[in-house]
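Please examine the sequence and the structure shown below before reading on.

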Amino acid sequence: MEIFSDIWNVIFIRPMVNSLILLYILLGQNFGLSIISFTVLIRVLMFPLSIRQTKQMKGMSSMQPKIKQIQEKYKGNKQKISQETMSLYKQQGINPIGCLGPLIIQMPIFIGLYQSLYITLPSNPESLTQLSDSIYGFIPLINQAVPIDAKFLWLNLGSIVRSSDIYTQIGLPILVGASTFLMQKTTATPAMDDRQKSTNRMMLWFMPILLAWFTLSFPSGLALYWLISNVIGTLIQLVITGKIQSLFNLNTNLVKDDSEILIEDNNKTDIHEKEENNESSGNNSKNNRRSNRHRSGRVKRKQRRSRD
Amino acid sequence: MNKLQILKNIKSYILISFIVSLCMLSCVGDRMKGSGWSTPFVEGNNVYIGTIEGELISIDIMTAKENWRASSLDSEFLPKSIYSKPFLFDGKIFIGTPAGKLLGFNMNSGLDEVSLQDIEQRVLLAEEQIGPVIVGNILSFMDNYIAIPSSDGQLSLFQYVQNEMFEPICSFKANDSLWAKPVWDKDNQQLIFGSMDGNLYSINKDCDLNWKFVTSSSIVSSPVLDGDKIIFGTLNRSFYSVDLLNGLLNWNFNDSKGWFWAEPVLDSGIIYASNLDGNIYAIRSNSGQIMWIYKTENPIISSPVIIDDFLIFISKQGELQVIHKDTKRKLGSCNINQKVYSSIESYENKIFIQVSDGSLRAYTIKKNGNPDELWNRPFFTGENDKRNNEDWDPLC
């Protein structure tokens, strides 16, 4: 067990502790800014994953009509429905649990940050000596930076939320819960059936309330991390899906709209059918593909115009 | 079970794991529970120890039999573990608690003494019910004064009035916590102490500032007086010698790789300082020149002690070592295999150490430097601790 603990310390805890302290030194000895920049850094590193996750969600959303068709066609035969659904997912390159990617990555970060905050903001001599074991001696000025000043605005970042003043006890959990709700709303997985819809609805409310409740037991610094992470995550989702750009009449969304994916999918099927026909009739398939692309381009342009 | 169901289950498992992790984090237990930080105190035939459970216990030195135990009687929700060392004053044993109280007990009976201040026979440093944490050792000086360093940065001076009370005299506020014991310079009538704000302060009996020496890092270790110098270490891996009269730098040494945490020991013009880098540094006090460095594998949090020509220290991982103070030759060792934060208390050729497993250990240092267990078993400080009745294999 100790070896796992040592590995965890070396891979997660020590780099986190030292990153936080280094940011603290660079940002004018402000630990709140250190946590915020750390959060931004994590989110930036997770950005490719966020794009992938959103694509997955978009894909699943666009497949709803086809999944409904399958469910109606094979009504009563759960195994067949499941087979066809999985095969459809495979065709489209969709992973049904892909949307949980960020959560899986966030879990060790969250747990690691929780432990790192206790080490970085020691409340007793034992914790301060543990900090000494964790810091990298080669970082300049690091020994002069400790112990860290935990004050940020009105918060004591090392203090447990429920031991803080009344405004923090009420305000922080509400902010964490509300930001989690918003984040969930923008990243909601499309439901395939009514049961899943009700599960999604329950999770949409359950997770924010649960996290808000847990916030009371966490250090304020951890609550700050979660809040900022949710805000940045929500903004990223809005940018990825083009909702922010549409506000400013920009057309640079990073993930295609549902209808584009569906049309492209139809065109792929058309092309496939055409190729088969061309092989049998001996026509020039290249000319056909070219004309199909032109046709799909015209359709796409029509779709965009109608949207605008 | 088909693939889709399996994937749905995986989703559920991931979400459940996340929720369980959150539950575990929020129910992580008492993070404020101490680790046996308080140094034992020997007086007469008894050793006194402030425990992890917030009690003060008197134990017979030779037999390890408990004489009495007294509780701080703080609320269950307050941190309990005692950090500061007990001290003797007017026939009473006093201790500072993590709730900011100063408790005094009859050294023979352990009873609360009626001569203390308020109804609960306790002195509070602050007006609120809960005072700041007393981490550093309390200094008694000038026969009837005490100086209490606390976590809110205050050094509070009290005068003991016989059969009446501790009269508050004054207090000096530093910019950060005081974890180190102050030192009384009798010749110049000044109190000198270090703070986590990085300053070494000198104040008089009226708490007026004489001078201040600024370092770039926190001071946790208690300073040591050597003639006209005051010597101390910092968390910036530096060791300083400062003039007592004006606070000017004599020399400083900064070749260590870790923090100077514990109070150094002075013997015949040589300072012996333990470091969290695992080394013991022997430094000439008049010049700052290194005499020798003794290297170990593990951090040393506690202060070393000197008995005759032996320098005795214990690492955080529990390895007790005895070396020759001049030649640094290793003479004896013993591994307790438990974490040790407390400093060593010595009495004649015996040493006493509080260990993080909630025990008090006692050793005799033999003439060849080998440590030998003084008692048949450690004294486990928990009330009705079953380990006191179990079989025990001596480690030394």
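The following paragraphs treat helix packing, sheets and some individual residues in turn.

This is a predicted model, in which local features need pLDDT of at least 70, side-chain atom pairs count only at pLDDT 80 or more, and totals for chains, interfaces and linings use all residues. Residues are numbered from 1 along each chain as its sequence is written, chains are lettered from A and ligands numbered from 1 in the order in which they are written, and side-chain values use heavy atoms, with hydrogens and water left out.

Helices (H or I, at least four residues) and strands (E, at least two) are DSSP runs numbered from the N terminus. Axes are lines fitted to C-alpha atoms, for helices over the stretch in contact, and angles run from 0 to 180 degrees between N-to-C directions.

Helix H1 of chain A (residues 2-26) and helix H2 of chain A (residues 31-45) have axes that come within 8 Å and cross at roughly 125 degrees. This angle makes H1(A) oblique to H2(A); angles under 35 degrees count as roughly parallel, over 145 as roughly antiparallel, 65 to 115 as roughly perpendicular and the rest as oblique. The crossing of H1(A) past H2(A) is right-handed. A crossing is left-handed if the near helix is turned anticlockwise from the far one by less than a right angle, and right-handed if clockwise.

On the side of H1(A), the contact (heavy atoms within 4.5 Å) is made by A:Met16, A:Ser19, A:Leu20, A:Leu23 and A:Tyr24. On the side of H2(A), A:Phe31, A:Ser34, A:Ile35, A:Ser37 and A:Phe38 make the contact. The residues of the contact of H1(A) with H2(A) divide into seven nonpolar, three polar and no charged. Here Ala, Val, Leu, Ile, Met, Phe, Trp, Tyr, Cys and Pro count as nonpolar, Asp, Glu, Lys and Arg as charged, and the others, Gly among them, as polar.

A:Ser37 of helix H2 of chain A is partly exposed, with a relative accessible area of 23%. Buried means under 20% relative accessible area, exposed over 50%, and partly exposed in between (1.4 Å probe, protein chains only). Leaving aside neighbours within four places in sequence, A:Ser37 is in contact with A:Leu23 and A:Leu27. The C-alpha atoms of A:Ser37 and A:Leu27 are separated by 9.3 Å, and the two residues are ten residues apart along the chain.

Helix H4 (residues 64-73) and helix H5 (residues 78-92) of chain A also pack, at an angle of about 155 degrees and with their axes 9 Å apart. H4(A) and H5(A) are therefore roughly antiparallel to each other. H4(A) passes H5(A) in a right-handed crossing. H4(A) contributes A:Lys66, A:Ile67, A:Ile70 and A:Gln71 to the contact, and H5(A) contributes A:Ile81, A:Glu84, A:Thr85, A:Leu88 and A:Tyr89. The residues of the contact of H4(A) with H5(A) divide into five nonpolar, two polar and two charged.

## Sheets in chain B

Two strands pair if DSSP finds at least two bridges between them.

B:Phe239 has B:Phe253 in E20(B) as bridge partner. Strand E23 (residues 279-284) of chain B pairs with E24(B) in the antiparallel sense over five bridges. B:Ala282 stands opposite B:Trp292 in E24(B).

## Loop residues

In the loop between strand E3 (55-60) and strand E4 (66-71) of chain B lies B:Ala64. The phi of B:Ala64 is near 65 degrees, a positive value in a residue other than glycine. At 17% relative accessibility, B:Ala64 counts as buried.

B:Lys328 is placed in the loop between strand E27 (319-324) and strand E28 (330-335) of chain B. B:Lys328, a residue other than glycine, has a positive phi near 55 degrees. B:Lys328 is partly exposed, with a relative accessible area of 32%.

In chain A, the loop between helix H8 (142-145) and strand E1 (151-152) holds A:Pro147. A cis peptide bond joins A:Val146 and A:Pro147, with omega about -5 degrees.
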